[in-house]
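Hi everyone, thanks for coming.

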Amino acid sequence: MSFNFDQELDCSGLACPMPILKTKKAVDSLQLGQVLKMIATDPGSLPDIQAWTSKTGHELVGHEEDAGKFTFFIKRTK
Amino acid sequence: MAKRMAIISTHGSLDAAYPPLILATAAVAMDMEVAIFFTFYGLEIIKKGNADKLQVSPIANPAMPQPIPGISVPNIIGMLPGMTAVATGMMNGWMKKANVAKLSELLEIAVESGVRIIACQMSMDVMGIKKEELIDGVEVAGAAAFIEFAADDAIALTF
């Protein structure tokens, strides 16, 4: 599964809450409608990113997991 | 849904400083308004250059993992000179291994991202702490200022 994206952010190795803090900063730097690809290895990143998008209103377009590596595609919606 | 998070931070040890800073930075990243009221020993966290020097005591801290797995060290050993430094070194080692951000880093992000850092005026007077000793961006205020913020539909947490 892959999506078009406009910016990439690698949070591999980072522990909570850094992936969320860096994602927030990166999404804020996007134009409306643009997509961020974020990679994380923190096992908590899936529920955290789901909660973050649900609370902020940005869209989790898709995500995948491969051997402990999580990839998220997040669209800036506002 | 609550739009604010109001945190009270009263302890100045390494382990007690992480939760308020992690929750504050995460909440502000989730578009909440956040304030942390630092009072009594919590003020140690926001003294200039002090965040990464905080310590953790092994005394009366039975939850602390044993330094050597499988060998039980009596808690009273914690009172020996130097044991606080040993425990602090151990905890800093675990945090580094897990790649957890340093307290100074979280504090910096908190200030940058607009978390209100409120230093308790009364505690500062009691403990002889001056505003110049605290990091830039601190507001010095009393309980009422914090309550006024918290009263507006905030999640309130104490550490």
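This is a predicted model: local features need pLDDT of at least 70, side-chain atom pairs count only at pLDDT 80 or more; totals for chains, interfaces and linings use all residues.

Residues are numbered from 1 along each chain as its sequence is written, and chains are lettered from A and ligands numbered from 1 in the order in which they are written.

So, chain B. Here we have an open sheet of five strands in the order β4-β3-β2-β1-β5, with parallel pairing. Strands (E, at least two residues) and helices (H or I, at least four) are DSSP runs, numbered from the N terminus, and two strands pair if DSSP finds at least two bridges between them. At the edges sit β4 (138-141) and β5 (154-158) of chain B, each pairing on one side only. Four bridges join β3(B), residues 116-120, to β4(B), and I117(B) has V138(B) as its bridge partner.

Now look at helix α5(B), residues 143-150: this helix packs on the sheet and touches β1, β2, β3, β4 and β5 of chain B.

Finally, how many residues of chain A are in contact with chain B? Twelve, meeting eleven residues of chain B; contact here means C-beta atoms, placed from the backbone, within 7 Å. On the chain A side, α1 (18-28) and α2 (45-56) each give two or more residues, and α1(A) has the largest share, with four.

Technical notes:
Two residues are in contact if their C-beta atoms, placed from the backbone, lie within 7 Å. Axes are lines fitted to C-alpha atoms, for helices over the stretch in contact, and angles run from 0 to 180 degrees between N-to-C directions.
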